[in-house]
Amino acid sequence: MRTADGPVQVRPVGEELGLQVTVRGKLEPLRAKMTKLADRGWLRKRGDGRFTTRSQ
């Protein structure tokens, strides 16, 4: 997240982590984790579904 130039979607984060992004079921747990982090204030979830760090 911090190395990205701006807001990112879940797929590029999964690619960076080495997940199999062509299978939708592999991304859903990551999306849930990122949403939890946003709920807890670690990340910010934008209306378009992209995530940023809280400082952006």
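Reply: Happy to. Let's begin with a term: a residue is called buried when its relative accessible area is under 20%, exposed when it is over 50%, and partly exposed in between. Keep in mind that this is a predicted model.

Me: Then how does R46 count, and what is its relative accessible area?

Reply: R46 has a relative accessible area of 31%, so it is partly exposed.

Me: Which residue does the side chain of R46 meet in a salt bridge?

Reply: The general idea is that side chains of opposite charge can pair when their charged atoms come close. Here, the R46 side chain forms a salt bridge with that of D48, at 3.0 Å from N to O. D48 also has a salt bridge to R50, with an N to O distance of 3.9 Å. Through shared partners, R46, D48 and R50 are joined into one network.

Me: Are D48 and R50 buried or exposed, or in between?

Reply: In between. D48 is partly exposed because its relative accessible area is 43%, and R50 counts as partly exposed at 33%.

Me: How many salt bridges are there in total?

Reply: The count comes to three. One of them links the side chains of R31 and E28, at 3.4 Å from N to O.

Me: Where do R31 and E28 lie?

Reply: Start with the geometry: an α-helix has 3.6 residues a turn, so residues three or four places apart point the same way. R31 and E28 are both in helix α2, three residues apart, which is about one turn of the helix. R31 is partly exposed at 29% relative accessibility, and E28 is partly exposed too, at 31%.

Me: What about G25, buried or exposed?

Reply: G25 also belongs to helix α2. Its relative accessible area is 53%, so G25 is exposed. G25 and F51 are separated by 26 residues in sequence and by 19 Å in space, C-alpha to C-alpha.

Me: Which residues of α1 are buried?

Reply: They are V10, V13 and G14. These residues lie on the same side of α1, because they cover an arc of only 100° around the axis. The buried residues of α1 pack against α2 and β2. After α1 comes G18, with a positive phi near 85°.

Me: You mentioned β2. Where is T53, and which residues is T53 in contact with beyond its neighbours in sequence?

Reply: T53 sits in strand β2, which covers residues 51–53. Its relative accessible area is 13%, so T53 is buried. Setting aside neighbours within four places in sequence, T53 is in contact with M1, R2, L43 and R44.

Note on methods:
Residues numbered from 1 in each chain as written. Predicted model: local features only at pLDDT ≥ 70, side-chain atom pairs only at ≥ 80, totals over all residues. Heavy atoms only, no water. Helix = DSSP H or I, 4+ residues; strand = E, 2+ residues; numbered from the N terminus. Buried < 20%, exposed > 50% of the residue type's maximum accessible area, 1.4 Å probe, protein only. Contact = heavy atoms within 4.5 Å. Arc of directions from axis to C-beta. Salt bridge = Lys/Arg side-chain N within 4 Å of Asp/Glu carboxyl O.
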